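Please keep the sequence and the model in view.

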Amino acid sequence: LHVGGSVQTALLTYSPKPAYPPLARASRTQGTVRIQAIIGRDGAIRNLQLISGPPLLVGVAMEAVRQWRYKPTQLNGEPVEVITEIAVNFTLSDGQR
């Protein structure tokens, strides 16, 4: 089931931030890692698949997203699995460079 229409979308309830990898920080790598995943009926993330992103940031983004939890998506009052796209943004502030 793809989210949209009259489906009540999932609500993110737990989302630890990934640690910025030291090599990525040293090389000033920034960007967005895009991941396709399934949000299960229990709100857990499963079946992560990389869509795009800077290679130095992919590993930590995937590891963080595996820990995320959602209030499950509801369809007619029943929890359902949904496929979603998740974007994890990495930006260095001036103090981090």
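Strand β7 (residues 82-90) gives the largest share of the lining of the largest pocket, three residues; strands (E, at least two residues) and helices (H or I, at least four) are DSSP runs numbered from the N terminus. The model is predicted, so local features need pLDDT of at least 70 and side-chain atom pairs pLDDT 80 or more, while totals for chains, interfaces and linings use all residues. Residues are numbered from 1 along each chain as its sequence is written, and side-chain values use heavy atoms, without hydrogens and water.

By class, seven nonpolar, three polar and one charged residues line this pocket, where Ala, Val, Leu, Ile, Met, Phe, Trp, Tyr, Cys and Pro count as nonpolar, Asp, Glu, Lys and Arg as charged, and the others, Gly among them, as polar.

Tyr 14 belongs to strand β1 (residues 11-14). Leaving aside neighbours within four places in sequence, Tyr 14 is in contact (heavy atoms within 4.5 Å) with Gln 67, Trp 68 and Arg 69. Between Tyr 14 and Lys 71, 57 residues apart in sequence, the C-alpha to C-alpha distance is 9.3 Å.

Three strands form an open sheet in the order β3-β2-β7, with antiparallel pairing; two strands pair if DSSP finds at least two bridges between them. At the edges are β3 (45-52) and β7, each of which pairs on one side only. Strand β2 (residues 31-39) is joined to β3 by five bridges, and Ile 38 has Arg 46 in β3 as its bridge partner.
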